[in-house]
Each structure stands twice: as structure tokens, then as C-alpha cells.
Amino acid sequence: PAPSVEQAPCPWSLVNDEAEFHFVDGKLVGTPPLPKGVSFTSLGDNAEKVADSLNLGVDLAGDVVTSLNTAFMTDALLIEIAAGAQISRPLTLAFETTGATSSFGRVIVLVGDGASVSLIETHRGAAGAAAQEYTVLEFTLGRKASVEHVRVNAADKTAQTLSTVAASVAEGASYSTLSFTTGAALSRHQIFTRVHGDDAKLGIR
């Protein structure tokens, strides 16, 4: 079971605990029952499949922060949304740190042609612990796919967070991301995108 710690509060009220992937100190410790059309593979399930999905839509090999994540990641998660699937409730990625640790979470989301999904990403940690977090999320959207992504950084005020998002958006697809930061002593959030094909849409807020 995941350790219980005193956490800095998270202001986001739309988190769907029923569909929550839970990372503690960079390791995946909890996976939810998933709706039809959603599947996942962890690094422990099939390391080769997950490794082959890294840097798939956007080449992040030259980015220093991503390279650090790749070198030290202790776990990774591949989420696949089947073509045409319309996922009505958000999926949640909950990242938690339990002390003055360094963590390196990695999540890859592959969204099939015509599929639609919303994803909420939250970051919290033990109060007073100067944790360091290096998180990378990679999205690859097929034709006419749609992704709504909300990120809430509610890390403790002593924490340092360096996060990366990469999104590859195909013809007619739409990717929208909204980021809130309410915590952390130092926070850097970088976004890399590749938009290809007519009528692709990208929203960054």
C-alpha cells in the first residue's frame, strides 16, 4: 500500500479517484479499473513496449531535463486510448512525493484516430520536505483525436518541480492544455509540440 503522509492541499476538485493512476516517489503504486477503450502497460509489465514508445511523437532526446528523467526513471506508464473511443470521465495522474526525495515519473499517452479523452495531472508532496520532481508526459494524437489536459502543481512550498509535456497532433486533431501552479519553491514547466496535417488545433494556457 502507498504510504500515508501529511500533504500540501490540492485545490482541484474534479479529480476522479475512480480512474486514478497513482505514482509515489516516481513509482506506479496504484492503477484503477478503466473504462472500455482504455488500456495501460507499465514498465514492469513490458519494458520493451514502453521503451519503444518514448520520444514517439516528439523527439525529446536533445532536451536536458527529459534526458535526466530518462536516465533515472524508476517507472513509466503507457496509456492507450483505442481509436474512436469517447472517454466520458477524466483519467487522473496523481504524483506524490513522501519526503526529501528525487522522483522521475514518465507517462506516454497514445490516442487513436477519432478518440477523445480528458486527463487531470496533479502534484502533491509531504509538507516541509524539499522534494525534487522531474516529470515527463508525452501525448501522441491520431487523426481527429481530442485531448483536454489539466495540470495542477500543488507541491509543497519547499519542493522543486521540473516538468515537461510533449504533444504530437495529427490532422484534424485537437490538444488543449491548462496549467495551474499553487506550490513549489521552484517550478519550471516546458512544452514541446509537433503539429502536422490540416486543421490540427493546439491550445496552451
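Glu171 and Arg143 are joined by a salt bridge in this predicted model, their closest N and O atoms lying 3.6 Å apart, where a salt bridge is a side-chain nitrogen of Lys or Arg within 4 Å of a carboxyl oxygen of Asp or Glu. The pair links distant parts of the chain, 28 residues apart, with Glu171 in the loop between S11 and strand S12 (174-181) and Arg143 in the loop between S9 and S10; strands (E, at least two residues) are DSSP runs, numbered from the N terminus. Residues are numbered from 1 along each chain as its sequence is written. The model is predicted, so local features need pLDDT of at least 70 and side-chain atom pairs count only at pLDDT 80 or more, while totals for chains, interfaces and linings use all residues, and side-chain values use heavy atoms, with hydrogens and water left out.

**Salt bridges**

- The count by this rule comes to four salt bridges.
- Glu171 is partly exposed, with a relative accessible area of 36%, and Arg143 is partly exposed at 39%, where buried means under 20% relative accessible area, exposed over 50%, and partly exposed in between (1.4 Å probe, protein chains only).
- The side chains of Glu138 and Arg106 form a salt bridge at 2.9 Å, N to O, and this pair connects strand S9, which holds Glu138, with strand S7, which holds Arg106, across 32 residues.
- Both Glu138 and Arg106 are buried.
- Glu121 and Arg151 also meet through their side chains in a salt bridge, at 3.8 Å, N to O, with Glu121 in strand S8 and Arg151 in strand S10 (residues 146-153), 30 residues apart.
- Glu121 and Arg151 are both buried.

**Nonpolar cores**

- The largest nonpolar core has 29 residues, and those with the most contacts inside it include Ile79, Leu93 and Phe139; such a core is a set of buried Ala, Val, Leu, Ile, Met, Phe, Trp, Tyr and Cys residues joined through side-chain atoms within 4.5 Å.
- Among the elements that give two or more residues to this core are strand S1 (20-24), strand S4 (77-81) and strand S9 (132-141).
- A second, separate core of eleven residues includes Leu54, Phe104, Ile108 and Leu162.

**A buried threonine**

- Thr161, placed in strand S11 (residues 160-169), is buried, with a relative accessible area of 4%.
- Not counting residues up to four places away in sequence, Thr161 touches Glu133, Asn153, Ala155, Ala184, Leu186, Ser187 and Arg188, contact meaning heavy atoms within 4.5 Å.

Definitions and conventions: Helices (H or I, at least four residues) and strands (E, at least two) are DSSP runs, numbered from the N terminus.
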